[in-house]
Amino acid sequence: MENPRHTHRIALTVNGAPVEAEVEDRLHLGDFLRRELSLTGTHLGCEHGVCGACTVMVDGQAVRSCLMLAVQARGRAVTTVEGLAADDGTLSPLQEAFREHHALQCGFCTPGMLTSLTAFLRDNPAPTDREVREAISGNICRCTGYQPIVAAALAAAGAKAAEEEN
Amino acid sequence: MGVRYFGAEVRRVEDARLVTGNGRYVDDIELPGMLEAAIVRSTEAHARIRSIDAAAARALPGVHAVFTLQDFPPEYRDRPMVQPYPAPVLLQPTTQYPLAKDEVCFVGQAIALVVAETRHVAEDAAGLVAVDYETLPAVVDCREAVKSGAPLAHADSPDNIVARLRVAFGEVDAAFADSAHVFEERFLQHRGGCHAMECRGVIAEDRPHHDGLTIISATQCPYLVRRNVAAYLGRDEGRVRVVAPDVGGGFGPKAGIYAEEIVVPLAASALGRPVKWIEDRREHFVTTNTQRDQEWTLEAAVDADGRLLGVRGRVIHDNGAFVPYGLLLPMTTLTPLPGPYAVPALDVAMEVAFTNTAPNSPIRGAGRPNAAFAMERLVARIARELGLDQAEVRRRNYVPADGFPYDTGQKFRDGSPIRYDSGDFEGCLDKVVELADYAGFAGRQKAAREEGRYLGIGVSSCIEDTGVGPYEGATVRVQPDGKVLIRTGAASQGQGHETMLAQVCADRLDVAIGDVYVMAADTGAFPHGIGTIGSRVAVNASTAVFDAAESVRDKALSLAAERLEASVEDLEVEDGVIGVAGVPEMTVTYGDLARQLAPMAGGALPRGFAPGLEATSYRTSDGMPTASGSNIAEVEVDIGTGEVRVLRYSVAHDCGNMINPMMVDGQIVGGVVHGIGNALFERLVYDESGQPLNNNYGEYLLPIATEMPPIAITHQETPSPLNPLGIKGAGEGGTIPATSAIVAAIENALEPFGVVIRSYPVSPEELCDLIDASGA
Ligand code: FES
Ligand code: FES
């Protein structure tokens, strides 16, 4: 069988650092991050766009990295779970809240939850329980039953609001 | 000795790595020179393989090998996988060949393994392997499979019966003869697939001249994998090492031994390079063990007051195409009967049937949710027929609080009685009745009906036998720097064992929890283990850690007493520093003692002490602690669309003393949601020819955040008398009663229509049909 493997040269930023690579056209962004850049925090749970484990931020928007080709990330800024903490390793308020509220068990869905909610909370700093649930309705978690994830997101939003008031 | 951590909501030590993307799951591991595999799987539910043509696949650039069974060394070509749980009652213990020999019995069965430079190339090549099938008749429904003359799931077997089981005690016929009422119920239970968010995965590397075969697998039971791989390959267990890294959820099916755990090592050995295979979600749907169908036909003999006098009936259990896990799932269906109820006589028989579908093994709760559903259905029927309240009918039937230890009447295989060690079922019910505002429900229901809305409430009670033995072990070792290392075989798939075991150990030694760390699930680092199944690790491994830490403490105190020239009774420990009461300057640390007990050349061991400040224990619970609980679900049913909304969900749970209530609650909430998924969403659909029809998350529905109710939890702590910590397992008690609570609530909402639900998951279409059929 013919199996032409076209490759493309791409340049983008990942977690703030410039990256250049030669990628096959069929390589999806999730595999690119995991295999080419060894950023294995991004997880693949279904590879058909439903589970949300592979969610990363592209130019600030939550995107399923299994549904986007690496070539489509050309010129974009990609943020993965590895890029959520501060440079000195200080966890983001959301990451802290996940620990505080036991919002993860096996941790497999967690990177996608964190990236989805990071983007969501930036745009919706004071959400309701219902809005948080809708924000993660495209992220499947088999372990936690979601309740502690919702609590963590609400707590992180609350902490941020309190910080801004001061 | 102070208690600082036991019972506290200690934040998990695992989380620091998991929230930053630093977890290390099997697919995150890269070994030098590693190749990647993809598997050619059967597209037929039942067929004979006429031929396999892999020439085009082998010719593809980047492909290193294509293996069929015939391409392995001759000794493996006629060797099916080892039955991990043999039992005399297994009439047909059939396991599959790691790659199909000449017959395939379910869609997804492995036929060939392609190994290539990358997964992409391996998949390209897998698509080029041509398999010529001769289709054979398939049997898909277990109720058909047990009939004589049914198509055979295996062409050369006499029938489709894997086993016939029966549990019986008491005078059943007399109970029915003397009863005021006899009620019969028939229902079909369907529990779907596993759906851990991480699929399975295996890496194998063979270094025959060095340390032998290493397998990294997303498994719940590394020791079971070691035993079975060594047995299959004919290798010394000492030269087979199995490691479970971070594992992204287990829920039961990752406890077995799978074909890939055999064929990936065989390929790695043949090629002399590490090989990785990662299951994708489509493969997970068709090849990771599922739980699927059971049909129950049950009769209850009841007195005039609604008390159960006897239960009898028959179960047909779908085992799928093979027997990958002995009879553990069927057995765990029968042994919990009759649940929390004191029933004097019982006789239930089960036929375990082959079908041409994915093999079955336990999923969260194993057969216990099925057993609970069965008993709860009977109790619901009694309430309906006799006009009793859902809570009241349960009160009349519970094992009374002063009735423990309680022998159900069933016996284990060794003849010892199945015994509930402790509990207070009515106490739990009282708690959940209050939490759910059960008394106020009638008002809520009435108000809603006036608006044309249908609310319902459902009560469900259960027991959970937890902490099955025979043991789990732990070594507690103080390192020269004073840090404490716990080694155990018990693998974690997210339960938080690292935190839990560190809590128990830190208390026993009086050290800060930050100075304790856990390394687990590596057969090369700890010699013996069982694995993480059946809510057993807290009970077994914590008890071993507790006991080993006690020995370490004793040893440290005896040596400290010599060093400080004091008597052991005068010593006290705080934060790892051992001192003499009242003499603040006289101290020594655990680290000092550990160094003294591990001298280098030229040093000396203190007289009378063995080296190392460490101890190993396999101490375990003296039997299986019984957890229990009652749940109440409140739902709204849209009678126009059949949609069910779960409005609130309340849990009263008793798992004895809790090591970490935050993590116990996490187990319960997650478990309840799994049970709600079983009640409302999760159905694996096969057509009559055995083709799976919904292998994706668009069509196979898992519970999602927007569909889940607020879940409130209250605890009753009835300590287990069987272990020094008074603990019981907590991993499955959320799931076990949840499905029946939801179903009961739906029935309650639809009482005006007389709707009775006889199968789950309950789809909106089915509810609409039931409402229509009622004619109300
Ligand atoms: S892996 Fe991308 S949505 Fe599931
Ligand atoms: S924490 Fe395991 S899937 Fe969410």
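Is A:His102 buried or exposed, and how many other C-beta atoms lie within 10 Å? A:His102 is buried, with 24 other C-beta atoms within 10 Å. Here a residue is buried if 20 or more other C-beta atoms lie within 10 Å of its own, exposed if 12 or fewer, and partly exposed in between, with C-beta atoms placed from the backbone.

## Basis of the model

This is a predicted model, in which local features need pLDDT of at least 70 and side-chain atom pairs count only at pLDDT 80 or more, while totals for chains, interfaces and linings use all residues. Residues are numbered from 1 along each chain as its sequence is written, and chains are lettered from A and ligands numbered from 1 in the order in which they are written.

## Chain A as a whole

Chain A contains five helices and five strands. Helices (H or I, at least four residues) and strands (E, at least two) are DSSP runs, numbered from the N terminus. Their order along the sequence is β-β-α-β-β-β-α-α-α-α.

The C-alpha trace of chain A spans about 60 × 35 × 25 Å along its principal axes. Of the 166 residues in chain A, 55% are buried. Among contacts in chain A with a separation of 6 or more, 60% are between residues 24 or more positions apart; two residues are in contact if their C-beta atoms, placed from the backbone, lie within 7 Å.

## Domains of chain A

Chain A is divided into domain 1 (7-83) and domain 2 (93-165), with bounds that come from an automatic or database domain assignment. The C-alpha centres of these two domains lie 22 Å apart. Their contact takes 15 residues from domain 1 of chain A and 12 residues from domain 2 of chain A.

On the domain 1 side, strand 3 (55-58) and strand 4 (61-64) of chain A each supply at least two residues. Strand 3 of chain A has the largest share of that side, three residues. The side of domain 1 of chain A that touches domain 2 of chain A divides into seven nonpolar, eight polar and no charged residues. In this division Ala, Val, Leu, Ile, Met, Phe, Trp, Tyr, Cys and Pro count as nonpolar, Asp, Glu, Lys and Arg as charged, and the others, Gly among them, as polar.

Six of the eight residues of helix 1 (residues 29-36) of chain A are buried, so helix 1 is largely enclosed by the rest of the structure. The buried residues are A:Leu29, A:Gly30, A:Asp31, A:Phe32, A:Leu33 and A:Arg34. Their cover includes strand 2 (17-24) and strand 3 of chain A. Just after helix 1 of chain A, A:Ser38 takes a positive phi of about 55°.

A:His102 is found in the loop between helix 2 and helix 3 of chain A. A:His102 has a positive phi of about 55° although it is not a glycine. In chain B, B:His195 also is not a glycine and has a positive phi of about 60°. The place of B:His195 is the loop between strand 8 and strand 9 (201-207) of chain B, and B:His195 counts as buried, with 26 C-beta neighbours inside 10 Å.

## Where the chains meet

In the contact between the chains, 44 residues of chain A meet 46 residues of chain B. Helix 2 (93-100), helix 3 (110-123), helix 4 (129-135) and helix 5 (147-165) of chain A are the elements that give two or more residues to the chain A side. Helix 2 of chain A has the largest share of that side, four residues. By class, the side of chain A that touches chain B has 22 nonpolar, 15 polar and seven charged residues.

## Domains of chain B

Chain B is divided into domain 1 (15-22 + 469-617), domain 2 (31-389) and domain 3 (398-465 + 625-776). The C-alpha centres of domain 2 of chain B and domain 3 of chain B are 26 Å apart. Their contact takes 42 residues from domain 2 of chain B and 41 residues from domain 3 of chain B. Helix 10 of chain B gives the most to the domain 2 side, with seven residues.
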